[in-house]
Amino acid sequence: MSDKKIVEELLSLYQEEKEKKVRFDRGLFFSFLDDARRVLTLDFLKPGYERSDVEDLVDGMEKKLDQILLERKEEPSEKVRYFLSMLPQARRLVLSSARAILEGDPASLSLQEVILCYPGFYAILTYRIANILVRMGLSFLARVASEDSHRSTGIDINPGATIGESFFIDHGTGIVIGETAIIGDRVKLYQGVTLGALSLKDGHLLSGKKRHPTIENDCTIYSNATILGGETVIGHDTTIGANTYLLSSVEPNSRVLLTDSGVRIDKKS
């Protein structure tokens, strides 16, 4: 028998219905998320796969997402069709990242190793799925997915970020990418990089505003660099050295280094 006094005290502390709450079946959602990860990497998870394997995964995802949306009291059909329609593009994007990692990391042996072993790839894979959910208006579910990846990899990519193709995370632990960050194509980040907001003193009042930097195409950002601010733009083909701290924009084709006298910015030859 439960202690009635404890139960009453707990009930008194539960939040009143001041905000809209929705039913969340954790097991169902993570089963759907696992199916989505599998369908985007099936040829590496199951060599010798057959058409029926893909059909079964897609059918299963459709039914699970239908159920998830119905529990949230949302009309599922249009959103389910949108999610499924985005899977080919997501597959192309995650494969472009796997290839970028394979080509850029001399320690990598094969695409299969990258896809099955690399935490950076896993974080990108989950981000691609979560980003579709954001665009469907399912921000809560997207955040559940991204935080699941964050816990297992130490890489924190907000699902609202905009990230181009051939995105490469090397090592990855401690990377933070904010909600309004924009990252172009063929960008490479090392561990500990932060693409963050300049100031959060206004808290939730900043919601919806551009708070995080823009990184243009073909940039490399080395470990523990911190780049802050919604108006900060790192121009294309720029290299940011380790441990640098930037609050302002950098012109394209630059090299940014931390020296004994502070941050130095040079044009590449």
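Biologist: Which residues touch the most other members of the largest nonpolar core?
Modeller: Phe29, Phe32, Phe83, Phe121 and Leu133, in a core of 42 residues. A nonpolar core here is a set of buried Ala, Val, Leu, Ile, Met, Phe, Trp, Tyr and Cys residues joined through side-chain atoms within 4.5 Å. Buried means under 20% relative accessible area, exposed over 50%, and partly exposed in between, using a 1.4 Å probe and protein chains only. Bear in mind that this is a predicted model: local features need pLDDT of at least 70, side-chain atom pairs count only at pLDDT 80 or more, and totals for chains, interfaces and linings use all residues. Residues are numbered from 1 along each chain as its sequence is written, and side-chain values use heavy atoms, leaving out hydrogens and water.

Biologist: Which elements give two or more residues to this core?
Modeller: Helix 2 (26–45), helix 3 (51–71), helix 4 (76–104), helix 5 (111–117), helix 6 (119–135) and helix 7 (139–153). Helices (H or I, at least four residues) and strands (E, at least two) are DSSP runs, numbered from the N terminus.

Biologist: And what does phenylalanine 121 touch?
Modeller: Leaving aside residues up to four places away in sequence, its partners are Thr41, Val94, Ala98, Ile101, Val114 and Ile115. Contact means heavy atoms within 4.5 Å.

Biologist: New topic: how do the axes of helix 6 and helix 7 cross?
Modeller: At roughly 175 degrees, coming within 8 Å. Axes are lines fitted to C-alpha atoms, for helices over the stretch in contact, with angles from 0 to 180 degrees between N-to-C directions. Helix 6 and helix 7 are therefore roughly antiparallel, a label for angles over 145 degrees. Their contact includes Pro119 and Tyr122 of helix 6 and Ser139 and Leu141 of helix 7.

Biologist: Is phenylalanine 168 buried or exposed?
Modeller: Buried, with a relative accessible area of 4%. Phenylalanine 168 lies in strand 3 and touches Ala100, Ile101, Gly104, Asp105, Val187, Lys188 and Leu189, again not counting residues up to four places away in sequence. Alanine 100 is 68 residues from phenylalanine 168 in sequence, yet their C-alpha atoms are 6.0 Å apart.

Biologist: What order do the strands of the open sheet take?
Modeller: The six strands run 3-6-9-12-14-15, with mixed pairing; two strands pair if DSSP finds at least two bridges between them. Strand 3 (168–169) and strand 15 (262–267) are the edges, each pairing on one side only.

Conventions. Angles under 35 degrees count as roughly parallel, over 145 as roughly antiparallel, 65 to 115 as roughly perpendicular and the rest as oblique.
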